[in-house]
Amino acid sequence: MDREAGLKVTAEEETGVYQELELPSMPPGFVYPDHFEWFVELPDVGRLKVRPIREQDAALLEDLFKTLTPHSVYLRFFSFFRRLPPGMLERFTRIDYRHEIALVGLLKEYGEEKMVADARVVETANAGTAEFSVMVSDHLQGKGIGACLLQNCLEIARKRGYQRIYGIVLPENKQMLALGRKLGFTIRHITGSREYELSRAFE
Ligand SMILES: CC(C)(COP(=O)(O)OP(=O)(O)OC[C@H]1O[C@@H](n2cnc3c(N)ncnc32)[C@H](O)[C@@H]1OP(=O)(O)O)[C@@H](O)C(=O)NCCC(=O)NCCS
């Protein structure tokens, strides 16, 4: 996919979901699918570059993590840490795209490309089921970036044949619950827990 083709997304798709994504046919293992990169024009944000994360993105991902408030870190990881632990950093950038989808959003800020969001869908031990997670820089939340990345991940997951995507969300996470509702997830309180499960089934 070239950049010009990627730009068509904005003209054709209000949702910014690139319909031709065919990640299922990607090369096996840790080979980076570098032909996937496209742009989405978001009001209030501008031209967001969307692409799969790659191994060399560790520094950019660390910088994204630093733009999260402690509250956002807690909502995303259910615990608090000041820096992304090295093991997690590696785990989040070294992706086996056969079993996982990880998309990042990048913006040019003062001529420099910054990673502002990360969304992923990871296969679980249950066949056909995968778990999502998503995070957006605090200063850019509420502008449609989370919805855009997650929707793209869901579209790839659907094309890949997953039957169910779910995520675990804390009750105080009104933004994620609202986003889940907007993206068609069913929301269920998990019995005996504080948490909610957002679940979406694909035909
Ligand atoms: C949850 C999160 C990923 C949402 O991403 P985002 O880019 O802020 O969300 P969007 O702007 O795409 O919003 C999508 C929808 O969420 C809802 N929403 C967003 N911000 C909201 C707010 N401040 N209050 C209430 N609802 C809100 C709205 O329904 C919105 O749709 P609309 O704009 O069409 O009304 C982001 O807030 C975040 O990173 N939070 C911290 C980490 C986290 O909680 N991750 C989720 C756990 S897996």
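Q: Is Tyr110 buried or exposed?
A: Residues are numbered from 1 along each chain as its sequence is written. A residue is buried if 20 or more other C-beta atoms, placed from the backbone, lie within 10 Å of its own, exposed if 12 or fewer, and partly exposed in between. Tyr110 has 5 other C-beta atoms within 10 Å, so it is exposed.

Q: What is the phi of Tyr110?
A: Tyr110 sits in the loop between β3 (100–109) and β4 (112–123); strands (E, at least two residues) and helices (H or I, at least four) are DSSP runs, numbered from the N terminus. Most residues other than glycine have a negative phi. Tyr110 is not a glycine, yet its phi is positive, near 50°.

Q: In the hairpin of β1 and β2, which residue takes a positive phi near 75°?
A: Strands β1 (residues 38–42) and β2 (residues 46–52) pair in the antiparallel sense over five bridges, where pairing needs at least two bridges found by DSSP. Phe39 has Lys49 in β2 as its bridge partner. Three residues lie between the strands, and the one with the positive phi is Asp44.

Q: With which residues is Cys153 in contact, leaving aside its neighbours within four places in sequence?
A: Two residues are in contact if their C-beta atoms, placed from the backbone, lie within 7 Å. For Cys153 the partners are Ile101, Leu103, Ala119, Arg120, Val121 and Phe132.

Q: Which element supplies the largest share of the shell around the ligand?
A: The ligand is surrounded by 23 residues, the closest being Leu75, Gln141, Gly146, Ala147 and Ala178; a residue is near a molecule if its C-beta atom, placed from the backbone, lies within 6 Å of it. At least two residues each come from α3 (70–77), β5 (129–136), α5, β6 (164–169) and α6 (174–182). The largest share is six residues, from α6.

Q: How far apart in space are Thr124 and Ile165, C-alpha to C-alpha?
A: Thr124 lies in the loop between β4 and β5 and is partly exposed, with 13 other C-beta atoms within 10 Å. In sequence, Thr124 and Ile165 are 41 residues apart; in space, the separation is 9.8 Å.

Q: Over which residues does pLDDT stay under 50?
A: The protein has a mean pLDDT of 86, and 83% of its residues reach 70 or more. Where pLDDT is low, the predicted coordinates should not be read in detail. The stretch under 50 is residues 1–15.

Key: Predicted model: local features only at pLDDT ≥ 70, side-chain atom pairs only at ≥ 80, totals over all residues. pLDDT = per-residue confidence, 0-100.
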